[in-house]
Amino acid sequence: MSEPALRAAAMLLLLCCLAFLQLAHAGFGDDETLAGQSRDLVFQSQEGGVLAIYALDAQGHPHLIETLASGEGGFIRGVVFQGLARERKRQNIAMDAPLRLSGGSGGRLLLEDTFTGEAINLRAFGPSNAQSFAALLSAALTVH
């Protein structure tokens, strides 16, 4: 390939990468409505593959905010029961112990296991996956 053709191909590749990054973050990242907000959530597996999600109020009482039927919420299930499970099992921490979900500036969304010290930046998995947790945080904030 000639040098001008290589340069053109490199420019095209760069433009494609920039376009992808722009689309991946469109509509996500400038939303500051959840910035500075956090809530402890409990994820509880129930009979039939149902996942019940509870928000804890200021006194630590659980309030049901979401129920996912078997086969629903694959990203949520994967993060909670695969991404964080290994360390919890190693330290003998129950899977239904609370996790802290918090929003930060620039659309940052963090799921923290305060028992193990692990944290997952949910925004790294793309806007639609992070949005599933942002919806949980929004619902949890209505719990008093």
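Strands β1 and β2 pair in the antiparallel sense over five bridges; two strands count as paired if DSSP finds at least two bridges between them. In β2, Ala52 is the bridge partner of Gln44. The model is predicted, with local features needing pLDDT of at least 70 and side-chain atom pairs counting only at pLDDT 80 or more, while totals for chains, interfaces and linings use all residues. Residues are numbered from 1 along each chain as its sequence is written, and side-chain values use heavy atoms, with hydrogens and water left out. Helices (H or I, at least four residues) and strands (E, at least two) are DSSP runs, numbered from the N terminus.

I turn to the sheet as a whole. Six strands form an open sheet in the order β3-β2-β1-β4-β5-β6, with antiparallel pairing. β3 and β6 (119-121) stand at the edges with a single partner strand each, so one side of each is left without a neighbour in the sheet. From one strand to the next, the twist averages 25°.

Next, strand β4, residues 99-103. Four of its five residues are buried, that is, under 20% relative accessible area with a 1.4 Å probe, protein chains only. β4 runs antiparallel to β1 (residues 38-45), joined by four bridges, and Leu101 of β4 is the bridge partner of Arg39. β4 also pairs with β5 (residues 109-112) in the antiparallel sense over four bridges, where Leu101 stands opposite Leu111. These two strands, β4 and β5, form a hairpin with five residues between them, and Gly106 in the turn has a positive phi of about 70°.

What does Leu101 touch beyond its neighbours within four places in sequence? Its contacts (heavy atoms within 4.5 Å) include Arg39, Leu111, Leu122, Phe133 and Leu136.

Of its 26 residues, Phe43, Leu101, Leu111, Leu122, Phe133 and Leu136 touch the most other members. The largest share, six residues, comes from α4.

Finally, the helices. The axes of α2 and α4, lines fitted to C-alpha atoms over the stretch in contact with angles from 0 to 180 degrees between N-to-C directions, come within 9 Å and cross at roughly 80°. Because 65 to 115 degrees counts as roughly perpendicular, α2 is roughly perpendicular to α4. Among the residues making this contact are Phe75 and Val79 of α2 and Phe133 and Leu136 of α4.

Methods
Buried means under 20% relative accessible area, exposed over 50%, partly exposed in between (1.4 Å probe, protein chains only). A nonpolar core is a set of buried Ala, Val, Leu, Ile, Met, Phe, Trp, Tyr and Cys residues joined through side-chain atoms within 4.5 Å. Angles under 35 degrees count as roughly parallel, over 145 as roughly antiparallel, 65 to 115 as roughly perpendicular and the rest as oblique.
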